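Thanks for asking me to look this one over.

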Amino acid sequence: MADKKKNTRLSRELGIFQVTIAGVGIILGAGIYALIGVAAGSSGNATWLAFLLSALVALFTGLSYAELSSMFRGDAGEYDYLKTAINKKFAFVIGMSMIISGFISAAAVALGFAGYLTQFVPLPLIFAAILLILAMTVINFVGIKETSWFNTISTIIEFIGLILIIILGLKYFGRVDYFEMPRGFSGVMSSAALVFFAYMGFESIVKLGEETKNPHKVIPHALMYSVIITSILYVLVAVSAVSILGWEQLHASSAPLASVAAAVLGSKAFLLLGIIALFSTSNTVLITLVATSRLMYGMAQEHSLPKAFSLVHRKTQTPWLAILLLMILTIIFVFIGDIEIVGNLTNLFLFITFASVNLSLIILRYKCKKTVRTFTCPVNIGKFSLVALFGLLSSLFMMGFVVWNLIG
């Protein structure tokens, strides 16, 4: 049972290392392990460029998030920014779009996990995905400290897997034309719009504010570190992958990075990378569920969702009812199945949100002049943020390519 008097606050356990690892952990997930092959079909050997372009969009918006997170307290994130900058109704719409994208993307990644697992264990795909959702929900409920431990271990394993791909590709660097684009630059942009799914999660760091020590300083820096670290890894992995296999074989594989390792080291490497992919996808599901449940908790505290979702369990100090509902919704959407379609749908929600967040920073520079900021977005003309403007325009631009992907 939840005790409202004694358990109105979440437990502050996280420092700069844990929060940065959380950001890296959710970003280094299903996107790079599953979508790199799909992306190669449009961007060819220039797949690395698609990841780099997506990284720039993430970096612009990440800088806006960093400043905004230094101005606001709590876990509501985008809801708080937009409520103050524009109005409560608009903030509610964007907050709900983030919640929806959270459980849809968690369902898609759970299916990605099931796709790997069923190569080793004879289980029905949907059943395997549901088992993962149940297991990650238990960890989410048990506590943020346990979640942090699982995330840290999984992130180290994921990191090792990507470093292995990079090392394997070193002697193949220069083997192909890295600007070979089978569908031209528009194909690279279409891939960039898709692989942005691989960066999904950097914005979720701000929702760990109430569980972080000294959040106004820790959250902005952890956010930037996680985007930079993962961007470097993604570009190098993409270069290695096309150097070893070439974009045609990479695109043809249903387990692209496992195929890359197997091409150099044989079938045992396929098994190894498959196991690493299981950790990667399960970790992405866990951190997505954590961040989305904290958003629900934050919006309930702001009275935009039923108050029950702000209830914190007495023993675990986690928002148990929000976690339970999120589990149910994710299980329902696990039946969608197609990671490319769901990836683009998720990105559509994200780009709408990111455009709104960048706009809110531009407005709040003038509306909240006296609000204390422990981090200020660089590159300004007076109070006007050029970075936020670039983030707004690039989000709208990428949104157009997402729509093209969905209708094309």
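The points below go from the whole chain to single residues.

1. Ground rules. This is a predicted model, in which local features need pLDDT of at least 70 and side-chain atom pairs count only at pLDDT 80 or more, while totals for chains, interfaces and linings use all residues. Residues are numbered from 1 along each chain as its sequence is written, and side-chain values use heavy atoms, with hydrogens and water left out.

2. Overall build. The protein chain has 15 helices and 2 strands; helices (H or I, at least four residues) and strands (E, at least two) are DSSP runs, numbered from the N terminus. Along the principal axes, the C-alpha atoms fill a box of roughly 60 × 50 × 40 Å.

3. Burial and surface. Of the 408 residues in the protein chain, 61% are buried. Here buried means under 20% relative accessible area, exposed means over 50%, and partly exposed lies in between (1.4 Å probe, protein chains only). The accessible surface of the chain comes to about 15700 Å², with 70% of this belonging to carbon and sulfur atoms. These areas come from the Shrake-Rupley method with a 1.4 Å probe, and for residues only the protein chains shown count as cover.

4. Among contacts with a separation of 6 or more, 82% are between residues 24 or more positions apart; contact means heavy atoms within 4.5 Å. The chain carries 27 positive and 17 negative charges, and their mean positions are 12 Å apart. Lys and Arg count as positive and Asp and Glu as negative, with His and the chain ends not counted. Each charge is placed at NZ of Lys, CZ of Arg, CG of Asp or CD of Glu.

5. The core. Which residues have the most contacts inside the largest nonpolar core? They are Ile32, Tyr33, Ile36, Phe51 and Phe202, in a core of 134 residues. A nonpolar core is a set of buried Ala, Val, Leu, Ile, Met, Phe, Trp, Tyr and Cys residues joined through side-chain atoms within 4.5 Å. Leaving aside neighbours within four places in sequence, Ile32 is in contact with Phe51, Leu162, Ala198, Tyr234, Val237 and Leu257.

6. Ser280. This residue sits in helix α12 (residues 267-301) and counts as buried because its relative accessibility is 0%. The C-alpha atoms of Ser280 and Ile32 are 9.5 Å apart, although the two residues are 248 apart in sequence.

7. Helix α4. Is this helix enclosed or open? It is largely enclosed by the rest of the structure, because 6 of the 8 residues of α4 (residues 78-85) are buried. The buried ones are Glu78, Tyr79, Asp80, Tyr81, Leu82 and Ala85.

8. Val93 and Val264. Val93 lies in helix α5 (residues 88-117) and is exposed, with 52% relative accessibility. Val264 belongs to helix α11 (residues 256-265) and is partly exposed at 25%. Not counting residues up to four places away in sequence, Val264 touches Leu168, Tyr172 and Ile244. Its C-alpha atom is 9.5 Å from that of Leu245, which is 19 residues away along the chain.

9. Arg175. You will find Arg175 in the loop between α7 (144-169) and α8 (184-195), where it is exposed at 53% relative accessibility. Arg175 touches Ser243 and Ile244, again without residues up to four places away in sequence.

10. Two backbone angles to look at. Most residues other than glycine have a negative phi. His303 has a positive phi, near 70 degrees; His303 is in the loop between α12 and α13 (320-333) and is exposed at 64% relative accessibility. Val379 also has a positive phi, near 65 degrees. Val379 falls in the loop between α14 (339-367) and β1 (380-381) and is partly exposed at 49%.
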